[in-house]
Amino acid sequence: MPERLTEMLMDTWTPLIILWITVLPSIYMTPMNQPQVLPSGSNTGLKRLTEEQRVLNRSKRGWVWNQMFVLEEFSGPEPILVGRLHTDLDPGSSKIKYILSGDGAGTIFVINDKTGDIHAMKRLDREEKAEYTLTAQAVDRDTNKPLEPPSEFIIKVQDINDNAPEFVDGPYHATVPEMSVVGTFVTKVTATDADDPVYGNSAKLVYSILEGQPYFSIEPHTAIIKTALPNMDREAKEEYFVVIQAKDMGGHMGGLSGTTTVTITLTDVNDNPPKFAQSLYHFSVMEDVALGEPIGRVKANDLDIGENAKSSYDIIEGDGMDIFEITTDAQTQDGIIRVRKPLDFETKKSYTLKVEAANIHIDPRFISGGPFKDTATVKIVVEDADEPPVFSSPTYLLEVHENAAINSVIGQVTAHDPDVSSSPIRFSIDRHTDLERQFNINAEDGKITLATPLDRETNMWHNITIVATETRNHSQVSRVPVAIKVLDVNDNAPEFASEHEAFLCENGKPGQVIQIVSAVDKDDPKNGHYFLYSLLPEMVNNPNFTIKKNEDNTLSILAKHSGFSRQKQEVYLLPIIISDSGNPPMSSTSTLTIRVCGCSSDGIVQSCNVEAYVLPIGLSMGALIAILACIILLLVIVVLFVTLRRHKNEPLIIKDDEDVRENIIRYDDEGGGEEDTEAFDIATLQNPDGINGFLPRKDIKPDLQFMPR
């Protein structure tokens, strides 16, 4: 069989080779400047055309062939004949040698150097390499000299349908909204075919659905997947598995095919309203529950997911709309009912509410499907609890005069037990708020009395806490703050605001204001302070000074005459009586010190001491202090100088470094060991200068110098 196939191919290719040699030159033309392989007699003809060109002045192109074809994937027992090269210089005497070079020459393609036949030695794959460029040349077999220029040509690998389509990006995942209309775009798939898209139909693809009908369809040529059924409901089926096939050869029989999968998920739209799991809910709550505490949860289920399933809850009817509130739990989408105001079992024992759940995001396309909301009834029962006492007021404000008597009643607090049992109440003061124990309270009736005297000027406000406790259950306790304001009484006399000292110039004029003084009063009258100033009765006719009340409640001190002298009297004392306008009025006497001073012509005080008169003219106290400081500094310098001179005249120490070598005493006696304490005098070794009773004096320099040995 292989031999027969080869013969058939040879029979097929032989006329083709002849066609390439004889006919194709008339089809494929190239310019004269390209390498050419010419048919028989073309060289001499070329020469002849050159001579005619000189005579007739016209040119003629040479005819060339430049392509060969070979089928890919062909395999047989012998190499495939691709084509044959021939030159008109070959007379058939075997003196011509054909040489082939270029892509695959010698490995893939081999030329018969005698006949010029070109064979393909290997199986070719167009998808690996579509064409090969080679160069052929005829040379003299004996001398290897070229007989004509090299000619370049191309061997193209002809495609066969040997590659199936492939979905490189598969498998695919796509989404499409639920309830979409027919023909809604879902996604697009793409397959590739490695075969030649130009030659034949090997790469012409057609797409079809193998699985996924009747829900989806695909365009055969564009591979666009669309919905094929209307109103697909995500709540019924969310995911679809579609198998797509791509087939080459235009989809005809015998073509190769490839498949891929597309997982299509329906995305949610808000096409379902919320729905309560039950129409009636029952809850119970203790009356003493804290405000804001949850007392129950309701749930409206929504078949949608995500944002489309979110609902808001509201109380739309009921007798407890102002007592309760409902909020949405963002995590569970539950409606949480909370207490908004305090509950009282004795006042109201049950409530009925109507709550509504409504979608937040509504799709206008499905608004006609009905209201996206639902309602339910909630019944709440309030249960009795042992409550602590309740004061008649959340806070108390009491007032008491600072001169109130001890044990006098300054106010009263009241409280009661709100429970049906109505336990008796006992009152007490939280002593942490009354550390000084200034107040007491009657445990039975809550009357507050004064325990110690009060002083408004010391502490104007007192804040205490009253504790009410049930006698039957001491754990039920309530507290209330009580603010006690201490009212003022006129119990403080006015006095000077500060210690005043006035200065009077010797050259002052009569009627000149010496000093303006003001008074203060620790009391706080309702209409403000008003002070009265006066001199002592025995000072009313004071010959030196007088007083004048000012409109701003201050007092001016004036001089009655001039000619005051420090030498005559340096200081004057002026007692002044200050009275307030209280009931009863209070008064005190304050003394103003007036000092006579020397002043400049402008009235500026310069000196207020009598000693200033004995100072030299033009020499102030500051100048004298500076002079005295200079004298002290000079004395200190002199003392330091004398001390340094004395230190310089001190005698030299007798033990100089140069005499150390002379203070060595040599002994030839042999010691008796550690126990021999009589062999030598240790005191002599410790003080060699004490030998023979000689001790050097340290206050004089010695006359006798030891000579070196």
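Me: What lies over the face of tyrosine 132?
Reply: Lysine 129 does, at 5.4 Å from the ring centre. A charge sits over a ring here if NZ of Lys or CZ of Arg is within 6 Å of the ring centre and within 35 degrees of the ring normal.

Me: What kind of model is this?
Reply: This is a predicted model, in which local features need pLDDT of at least 70 and side-chain atom pairs count only at pLDDT 80 or more, while totals for chains, interfaces and linings use all residues. Residues are numbered from 1 along each chain as its sequence is written, and side-chain values use heavy atoms, with hydrogens and water left out.

Me: What sits over the ring of phenylalanine 345?
Reply: The charged end of lysine 349, 4.7 Å from the ring centre.

Me: Phenylalanine 109 and tyrosine 132: buried or exposed?
Reply: Both phenylalanine 109 and tyrosine 132 are buried. The cut-offs are under 20% relative accessible area for buried, over 50% for exposed, and partly exposed in between (1.4 Å probe, protein chains only).

Me: And tyrosine 281 with phenylalanine 283, what sort of aromatic pair?
Reply: Tyrosine 281 and phenylalanine 283 are stacked, 6.4 Å centre to centre with 5° between the planes. Tyrosine 281 and phenylalanine 283 are both buried. Ring pairs also join these two with Phe276 and Tyr313 in a cluster.

Me: Changing topic. How many disulfides by the rule?
Reply: One disulfide is counted, taking a disulfide as a pair of cysteine sulfur atoms within 2.5 Å. Cysteine 505 and cysteine 599 form the link, with their sulfur atoms 2.0 Å apart. The angle about the S-S bond is -85°, and the link is left-handed.

Me: Where do cysteine 505 and cysteine 599 lie?
Reply: Cysteine 505 is in strand S33 (residues 501-505) and cysteine 599 in strand S40 (residues 587-599), so the pair ties together parts 94 residues apart in sequence. Cysteine 505 is buried at 9% relative accessibility, and cysteine 599 is buried at 15%.

Me: Cysteine 630, what does that count as?
Reply: Cysteine 630 counts as partly exposed, at 47% relative accessibility.

Me: What does serine 556 touch?
Reply: Leaving out residues up to four places away in sequence, serine 556 touches Val513, Gln515, Ile516, Thr546, Ile547, Lys548 and Asn550, where contact means heavy atoms within 4.5 Å. Serine 556 lies in strand S38 (residues 555-559) and is buried, with a relative accessible area of 6%. The side chains of serine 556 and asparagine 550 are joined by a polar contact of 2.9 Å. A polar contact is a pair of N or O atoms within 3.5 Å; within protein, one must be able to donate a hydrogen and the other to accept it, and residues adjacent in sequence count only if both atoms are side-chain atoms.

Me: Which residues form the covered face of strand S36?
Reply: Tyr533 and Leu535; the uncovered face of S36 (residues 532-535) has Leu532 and Ser534. S36 pairs with strand S39 (residues 571-579) in the antiparallel sense over four bridges, and two strands pair if DSSP finds at least two bridges between them. Tyrosine 533 has isoleucine 578 in S39 as its bridge partner.

Me: Backbone next. The peptide bond from glycine 170 to proline 171: cis or trans?
Reply: The bond from glycine 170 to proline 171 is cis, with omega near -5°. Proline 171 is in the loop between strand S7 (151-158) and strand S8 (172-177). Glutamine 213 and proline 214 are also joined by a cis peptide bond, with omega about 5°.

Me: And phi of asparagine 231, positive or negative?
Reply: Positive, near 55°. Asparagine 231 is in the loop between strand S12 (224-227) and strand S13 (239-247), and is exposed at 51% relative accessible area. Methionine 179 also has a positive phi, about 60°. Most residues other than glycine have a negative phi.

Note on methods: Helices (H or I, at least four residues) and strands (E, at least two) are DSSP runs, numbered from the N terminus. Rings of Phe, Tyr and Trp (its six-membered ring) pair if their centres lie within 6.5 Å; planes under 30 degrees apart count as stacked, over 60 as edge-to-face and the rest as tilted.
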